[in-house]
Amino acid sequence: MNDAQLLDEPGRLAALARYDVLDTPREDTFDKITALVRDILDVPICVVSLVDRDRQWFKSIQGLDASETPRDIAFCSHTIQKREPMLVPDATADSRFASNPLVTGDPGIRSYAGVPLPTPDGFNLGSLCVIDTRPRSFSDAQVQMLSQFAGLVVNELELRTIAQRDFLTGAATRRAFVDAAEKEVDRLKRYGRVSSLLLLDIDHFKRINDEFGHPSGDEVLKAVAEACRAALRPSDMLGRLGGEEFGILLPEIDGMAARAVAERLRNLISCLRFDWAPDLRVTASFGAAPLRRGQSADTWIRITDEALYKAKRDGRDRTVCSEEPGLHAVAA
């Protein structure tokens with residue numbers, strides 16, 4: 001495992017974003033793990049903590065009524081900087097934590113043991129940790145057991161991700177994609193953060209299936225998905241919405257920039273070539289739309305879909321933005 005990734009904070013945050021787990025409801029699977037660990041180790045508090053840019057957010061927590069804390073006071077923010085467990089027998093005697101408000105005030109942390117939660121590609125998303133309100137040392141056997149349960153947490157996160165992925169292309173499923181779009185709507189409401197949506201449809205895809213067969217059509221779908229994924233940022237999200245239609249969420253991107261992204265992807269797709277059909281030229285039509293205040297995720301998708309179908313009506317292999325003349329009435 002490459003320890004250089006411990007220093008790659010943008011990469012770590014991008015990996016965390018790919019799991020699409022922050023601010024999701026509590027889930028029984030994770031709560032069972034933290035409840036069991038708390039009972040076995042006889043501690044008052046056990047947490048699955050995911051470390052975001054400015055906060056640590058709790059996917060599961062036992063023994064404390066909280067959903068998150070600032071990152072700058074989080075013990076787990078130190079844990080993710082290591083590969084091995086972090087042990088703090090007495091926080092009041094540790095210069096890193098003696099003046100920490102979680103030590104000097106509620107919940108009165110005295111001892112801590114945390115195991116990082118690494119992704120398969122080596123980024124620590126957060127930690128599984130236990131906390132006591134009295135000084136104590138954890139035995140090697142207890143730490144080993146905590147590490148095994150941390151592995152179960154990572155497995156559950158991976159399974160959760162797999163369930164949200166299209167088997168053929170590796171893109172997000174429609175349900176996962178719509179859920180992510182709803183989060184972008186919420187981010188605009190809460191923080192005023194811009195984002196845009198692209199929808200693309202592979203042109204004349206039925207003709208490809210009819211002429212070359214469905215296995216070849218699957219190869220085209222996979223190639224288009226891979227071409228898009230390779231050109232997108234880690235924070236962007238590619239979803240397969242059905243058949244030959246894909247969606248792309250572009251956080252922090254306005255309408256004009258989204259149109260430029262669409263044109264770049266459209267040109268990349270047109271350059272795809274296949275050994276089994278050297279003369280086949282695959283093209284795609286794109287619709288683009290920035291998110292506007294007051295729009296729901298469904299409205300946002302509908303507006304982008306209208307732009308996409310205008311691109312197809314106008315001759316395909318082109319991009320239409322919802323802000324272009326003729327679509328203002330639809331976007332209103």
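Q: Which residue forms a salt bridge with Arg55?
A: In this predicted model, Arg55 belongs to strand S2, and its partner lies in the loop between helix H1 (9–19) and H2, 32 residues apart from it. The pair thus links distant parts of the chain. The closest N and O atoms are 2.9 Å apart, within the 4 Å that a salt bridge requires. The partner of Arg55 is Asp23.

Q: Which strands are the edge strands of the open sheet of 6 strands?
A: The order in this sheet is S3-S2-S1-S6-S5-S4, with antiparallel pairing. An edge strand here pairs on one side only. The edge strands are strand S3 (68–70) and strand S4 (86–88).

Q: What is the average twist from one strand to the next in the sheet of order S3-S2-S1-S6-S5-S4?
A: The sheet is open and its 6 strands pair in the antiparallel sense. Taken from one strand to the next, the twist averages 25°.

Q: Which residue in S6 is the bridge partner of Val47?
A: Strand S1 covers residues 45–51 and strand S6 covers residues 124–132. The two pair in the antiparallel sense over 6 bridges. In S6, the residue bridged to Val47 is Cys129.

Q: At what angle to S5 does helix H5 run?
A: Helix H5 (residues 140–162) packs on the sheet, where it touches S1, S4, strand S5 (111–118) and S6. Helix H2 (residues 28–41) also lies across S1 and S6, together with strand S2 (55–62), and runs at about 75° to S2. For H5, the angle with the direction of S5 is about 40°.

Q: Why is one side of S8 and of S11 left without a neighbour in the sheet?
A: The open sheet of 5 strands has the order S8-S9-S7-S10-S11 and mixed pairing. Strand S8 (237–242) and strand S11 (319–321) stand at its edges, so one side of each lacks a neighbour in the sheet: each has a single partner strand.

Q: Which residue in S9 is the bridge partner of Arg240?
A: S8 pairs with strand S9 (residues 245–251) in the antiparallel sense, over 5 bridges. The bridge partner of Arg240 in S9 is Phe246.

Q: What angle does the direction of helix H10 make with that of S10?
A: Helix H10 (residues 297–313) packs on the sheet and touches strand S7 (195–202), S9, strand S10 (284–290) and S11. Its direction and that of S10 make an angle of about 145°.

Q: How many charged residues are in the lining of the largest pocket?
A: The largest pocket holds about 1600 Å³ of space, and the closest of its 44 lining residues to its centre are Leu13, Ala17, Leu22, Glu184 and Ser235. H1, H5, helix H6 (174–191), S8 and S9 each supply at least two residues of the lining. By class, the lining divides into 19 nonpolar and 4 polar residues, and the number charged is 21.

Q: How many nonpolar residues line the largest cavity?
A: The count gives 1 cavity of 30 Å³ or more, and about 30 Å³ of space lies in the largest cavity. Its lining consists of Arg18, Asp20, Gln164, Arg165, Ala172, Ala176 and Met237. Of these, 3 are charged and 1 is polar, while the nonpolar residues number 3.

Terms used: Residues are numbered from 1 along each chain as its sequence is written. This is a predicted model: local features need pLDDT of at least 70, side-chain atom pairs count only at pLDDT 80 or more; totals for chains, interfaces and linings use all residues. Side-chain values use heavy atoms; hydrogens and water are left out. On a 1 Å grid over the protein atoms alone, a cavity is a set of points where a 1.4 Å probe fits but cannot get out, and a pocket is an open set with protein on both sides within 12 Å along at least five of seven lines; lining residues have an atom within 4 Å of a point. Grid points are joined across faces, edges and corners, and a volume is the space filled by probe spheres set on the points. Ala, Val, Leu, Ile, Met, Phe, Trp, Tyr, Cys and Pro count as nonpolar, Asp, Glu, Lys and Arg as charged, and the others, Gly among them, as polar. Two strands pair if DSSP finds at least two bridges between them. Helices (H or I, at least four residues) and strands (E, at least two) are DSSP runs, numbered from the N terminus. Axes are lines fitted to C-alpha atoms, for helices over the stretch in contact, and angles run from 0 to 180 degrees between N-to-C directions. Contact means heavy atoms within 4.5 Å. A salt bridge is a side-chain nitrogen of Lys or Arg within 4 Å of a carboxyl oxygen of Asp or Glu.
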